Amino acid sequence: MTNEKKEEIIAAMTGLLEQLSNSEPPKIGPSHAPEPVVEMLTIKECTDVIKGLNEYTVRQLVLRKELPSIRTGQGKRGKMLVPKAALMAYFTGGKL
């Protein structure tokens, strides 16, 4: 590579750097709204939220897929978690 070619490349790079330094700095922050927090309840907590509700009933609703849930852990010590919004919607007749 000749010195002329090197100087030409350096000049082009310098020009690009000047354009970048003169341009508006990028905005830092979230590009979209933050995701809503989903409050999850254990079977026992579901019975505390809805008075008169039995743990057995909540388990049956989960098994029949009438309430969405996720299972954490394995075996006897695992817990079923139900979204609070889904529980409230089910018992108030609303939809998610």
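Thr 47 touches Leu 53, Asn 54, Glu 55 and Val 58 when residues up to four places away in sequence are not counted, a contact being a pair of heavy atoms within 4.5 Å. The model in which these contacts occur is predicted, so that local features need pLDDT of at least 70 and side-chain atom pairs count only at pLDDT 80 or more, whereas totals for chains, interfaces and linings use all residues. Residues are numbered from 1 along each chain as its sequence is written, and side-chain values use heavy atoms, with hydrogens and water left out.

**Overall architecture**

The protein chain contains four helices and three strands, and from the N terminus on these elements run in the order α-β-α-α-β-β-α. Both kinds of element are DSSP runs numbered from the N terminus, with helices (H or I) having at least four residues and strands (E) at least two. Of the 96 residues in the protein chain, 20% are buried; buried means under 20% relative accessible area, exposed means over 50%, and partly exposed lies in between, with a 1.4 Å probe and protein chains only. The protein chain exposes about 8,200 Å², of which carbon and sulfur atoms supply 57%, and accessible areas come from the Shrake-Rupley method with a 1.4 Å probe, only the protein chains shown counting as cover for residues. Among the contacts in the protein chain with a separation of 6 or more, 43% are accounted for by residues 24 or more positions apart.

**Thr 47 and helix α2**

Thr 47 lies in helix α2, which covers residues 43-49, and Thr 47 counts as buried because its relative accessible area is 11%. The side chain of Thr 47 also reaches the backbone oxygen of Lys 44 at 2.5 Å. Lys 44 in turn meets Asp 48 through a side-chain salt bridge, and these two residues both lie in helix α2, four residues apart, about one turn of the helix.

**Salt bridges**

A search of the whole structure finds three salt bridges, each defined as a side-chain nitrogen of Lys or Arg within 4 Å of a carboxyl oxygen of Asp or Glu.

| Asp 48 | Lys 44 | 3.9 Å |

Arg 59 and Glu 55 are separated by about one helical turn, because they are four residues apart in helix α3. Arg 59 counts as partly exposed at 34% relative accessibility, while Glu 55, which is also one of the residues that Thr 47 touches, is partly exposed with a relative accessible area of 27%. In the remaining pair, Glu 66 is partly exposed at 35% and Arg 64 is partly exposed at 49%.

**Two loop positions**

Lys 65 lies in the loop between α3 (55-63) and β2 (70-72). The phi angle of Lys 65 is near 65°, a positive value in a residue other than glycine, and Lys 65 is exposed, with a relative accessible area of 73%.

Gly 78 is found in the loop between β2 and β3 (79-83). With a relative accessible area of 14%, Gly 78 is buried, and, leaving aside its neighbours within four places in sequence, Gly 78 is in contact with Arg 71, Thr 72 and Gly 73.

**Aromatic pair and nonpolar surface**

A search of the whole structure finds one aromatic pair. Tyr 90 and Phe 91 form this pair, which is edge-to-face, with 5.1 Å centre to centre and 80° between the planes. Rings of Phe, Tyr and Trp (its six-membered ring) pair if their centres lie within 6.5 Å, and planes under 30 degrees apart count as stacked, over 60 as edge-to-face and the rest as tilted. Tyr 90 is partly exposed, with a relative accessible area of 35%, and Phe 91 is partly exposed, with 36%.

Met 1, Ile 9 and Met 13 form a nonpolar patch on the surface, with about 340 Å² of accessible area together. Patches are made of residues with over 30% relative accessible area and no salt bridge, like charges being joined within 9 Å and nonpolar side chains (Val, Leu, Ile, Met, Phe, Trp, Tyr) within 5 Å. Met 1 has its place in the segment before α1 (3-22) and is exposed, with a relative accessible area of 71%.

Conventions:
Polar contact = N/O pair within 3.5 Å; in protein donor to acceptor, adjacent residues only side chain to side chain.
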